[in-house]
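Colleague: I have a model open and want to learn to read its features. Can you take me through a few?

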Amino acid sequence: MLTAVGALGLGGLLTACGSDGDTDSDSDGGSGTNSAASDGTWRFKDDRGTTAEADRTPKRLVAFVGAAAALHDLGIECTGVFGPTKLKNGEPDPRAGGIDVDKVTILGNTYPQFNVERYAGLRPDLLIAQMTDPPALWYVPEESAEKIESLAPSVGILTAKSSLTHVIGRFADLAKSLGADLTADPVTSAEQRFKSASATLRRAAGEARAKGGGGLKVMVVSAAADILYVAAPDAFTDLRYYASLGVEFVTPSKTGAGGFWHELSWENADMYEADLILVDNRDGNLQPADLKKTKPTWAELPAVRADRTFPWAVEERYSHAGYAPRIEQLATALRQSAPVAS
């Protein structure tokens, strides 16, 4: 499960941002097939190569919570969601973004929860989910996928091993086909903030490369009780984008299934040298404060001893509004750090 979750990573809205970093800015994905036609019909070609069609623009939308949050940022609301929507205390999960979690129908909060009867009761027009391993839709349980997908057309957006701006663009394409106004001020303001943040990160990365000791090396990890997972930056959409802006990441010498992680025992946690460590901040993963108390090899890492650990939002929503703050935070982290690895 962790391997697949990681693939969501990090990894977007209007593809004009391609000039700020990654160059894969194509967002059509379907050669003009994404539209609400003049005769009232609707169609959208997704990243499986499948064209979803309806005799009118879908209104009753059900989506994985991260996809719903990205659409919300573009002015499109979903009737139902599935995936991490509320924390144990009832507060909104960060992955829900700006969604009012008390006003949507939650079909399941953890995998493999998905209430098929409740889903059918919503009379859905369209099911929307991200993908890390097409054609499987993220968080749609394999054992009930056929039944779920028989109830409404579905759209899958690929979010792994891709360009961040391309993924943002794909969600913008979908939102536009569903009636979103991409010229609305909240949308364009978020795009400008994303561009500005990207320019700031590029400058911060340049300053980091110029620091003594060969610049700054950033390691990205997810921590479990028995394993330290070191991320392969090219496998994660956001990390690929940050690298295109000049951030220097630790690249594992090998990875496991899917190419996302190098799995290390805690005895080998010091295999890679890093000046700054980004830590998967999802609920259920070990966080820096606990790691320092329970994992001696972690506590001895130079970046940890220098208090240079920062959160990594692996499942941020794919919109400019979602990623602009993350990019700003990384730029700040680079500027606050100094070489500490030997």
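This is a predicted model: local features need pLDDT of at least 70, side-chain atom pairs count only at pLDDT 80 or more; totals for chains, interfaces and linings use all residues.

Colleague: Which residues of helix H7 are buried?

Modeller: Terms first. Buried means under 20% relative accessible area, exposed over 50%, partly exposed in between (1.4 Å probe, protein chains only). Helices (H or I, at least four residues) and strands (E, at least two) are DSSP runs, numbered from the N terminus. In H7, residues 237-244, the buried ones are Thr 237, Asp 238, Leu 239, Tyr 241 and Tyr 242.

Colleague: What covers the buried residues of H7?

Modeller: Count contacts, meaning heavy atoms within 4.5 Å. The cover includes helices H5, H6 and H11, along with strands E9, E10 and E13. After H7 comes Gly 246, with a positive phi near 110°.

Colleague: How do the axes of H6 and H11 cross?

Modeller: Axes are lines fitted to C-alpha atoms, for helices over the stretch in contact; angles run from 0 to 180 degrees between N-to-C directions. Under 35 degrees counts as roughly parallel, over 145 as roughly antiparallel, 65 to 115 as roughly perpendicular and the rest as oblique. Here the axes come within 8 Å and cross at roughly 20°. H6 and H11 are therefore roughly parallel.

Colleague: Where is Thr 85, and is Thr 85 buried or exposed?

Modeller: Thr 85 sits in the loop between strands E5 and E6. Its relative accessible area is 1%, so Thr 85 is buried. Among the residues Thr 85 touches, not counting those up to four places away in sequence, are Val 65, Pro 92 and Ile 106. A polar atom of the Thr 85 side chain lies 2.8 Å from the backbone oxygen of Gly 83.

Colleague: What should I look for in the backbone angles?

Modeller: Most residues other than glycine have a negative phi, and most peptide bonds are trans. Arg 123 is not a glycine, yet has a positive phi of about 50°. Arg 123 lies in the loop between H3 and E7 and is exposed, at 54% relative accessibility. Lys 161 also has a positive phi, near 50°. Lys 161 is partly exposed, at 43%.

Colleague: Which residues are joined by a cis peptide bond?

Modeller: Tyr 111 and Pro 112 are, with omega about 5°. Pro 134 and Pro 135 are too, with omega about 10°. Pro 135 is in the loop between E7 and H4.

Terms used: Residues are numbered from 1 along each chain as its sequence is written. Side-chain values use heavy atoms; hydrogens and water are left out. A polar contact is a pair of N or O atoms within 3.5 Å; within protein, one must be able to donate a hydrogen and the other to accept it, and residues adjacent in sequence count only if both atoms are side-chain atoms.
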